[in-house]
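Here's a quick briefing to read with the model open beside you.

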Amino acid sequence: MRFRPSILKETLKGILMATRKRVVVIEGDDAAPEAVRPTLELLDRLNLNIDWLTPPIGDQAKEGYGSTFPEQARRAIDESDATFFGAASGKSTAALFYLRFGKQTYANVRPVKWLPGFKSPLADPKGLDLVIIRENLEDLYLGVEGEIQELDSLNLTSPFTGEKITDMVPGRYALKVITEKGTARVTRFAFELARKRKEQGRPGKVTCATKHNMLFRSDGFFREVAQKIAGSFPDIVFESLIVDDFAHRLAANPQQFDVAVMPNLYGDILSDMAGGLIGGLGLAPSGCYGENYAYFEPVHGTAPDIAGKHIINPTATILSAAMMLDYLGFKTEAERMERAVQKVYAEGRTLPRDQGGSATTEEFAAAVKDFL
Ligand code: IPM
Ligand code: MN
């Protein structure tokens, strides 16, 4: 057979297309777009095989399409490999909840790693490198709340006082749900991550934080399921702590932790606290992973108080982008991005205001670009 260069060309093109990824960008609200835009410029410099989709979401979508989360936006997410999200206030929360519940992104991964140059309030932050994995879809986040009166037919009484719940009106309730499936998949995710980190020299430990000494049945179940999963990972140390004890240890000696897994609300609260330990939420990235989708966003909110000032620290957003690159298979580029951020902090010449410097968001991003 004669060699035909066109076949080679077609094959190469095919391989290239197969590795080409589609990512939805949602800039988010208030100050969030100010951190997202320079991050996109950094991503652009890496010459990635990524098509960026920017469907209408939030205020601008409301004007043109009559909804903050129109059908086009949902379709774009469904047709993409991942979403890169700024941060949501009221306007983009419909999109956020679709990315969580619609795409079943059950593991909210929040790495908390101190880097030299981060302005930590701790006397000795050296070696602080933990990951909080927050169950992302259950617990009190089911959104089922109501008037106590609605529970009438259930005839519930408090086991402590014997009082009928419906005699406590007026008042409201919120439903906390812990399922076997939801807990098993997120704890398995935690063990797998601990295993991967162990290969890179971390201790290989999973800490489960629950209030099982009070919420015997719900949090007790989370702990029980986690313990069962631990049985399949004999190479990883498993530790179960009461969540208030975990909070104390987190403040007093966070270096003792590697990977921590917990129900949704505790994870929400404690990941903000853990962000404070390394120097603030401007430094804390996150990724939410499902079976076949993931989205990435900083842990922080939309910072409305500094919107328009171009002083938001984009580090959390840039590191979230690096997590996304890793997820999409661009491992070298993810490392390049992380290393560039590390260098800017180690050098300490161009730091954002929350880190004791005077750089604007754009100036900081330009410093990262110089090290890319
Ligand atoms: C977060 C946020 C959200 C949460 C809000 C915006 C609903 O605080 O991602 O941590 O509580 O999950
Ligand atoms: Mn939060």
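Predicted model: local features only at pLDDT ≥ 70, side-chain atom pairs only at ≥ 80, totals over all residues.

Residues are numbered from 1 along each chain as its sequence is written, chains are lettered from A and ligands numbered from 1 in the order written, and side-chain values use heavy atoms, leaving out hydrogens and water.

**Domains**
- The chain splits into domain 1 (7-116 + 281-372), domain 2 (120-134 + 177-278) and domain 3 (140-175), with bounds from an automatic or database domain assignment.
- The centres of domain 1 and domain 2, taken over C-alpha atoms, sit 25 Å apart.

**Domain 1 against domain 2**
- About 1800 Å² is buried here, 61% of it from carbon and sulfur atoms; buried area is the accessible area (1.4 Å probe) that two parts lose on being put together, summed over both.
- Tyr 106, Val 112 and Trp 114 supply 40% of the area that domain 1 buries against domain 2, more than any other three residues.

**Helix H9**
- Why does the length of H9 (residues 264-278) agree with expectation? At 1.5 Å a residue, its 15 residues should span 21 Å, and the end C-alpha atoms are 22 Å apart; the expected span is 1.5 Å times one less than the number of residues.
- Helices here are DSSP runs (H or I, at least four residues), and strands are too (E, at least two), numbered from the N terminus.
- Just after H9, Gly 279 has a positive phi of about 135°.
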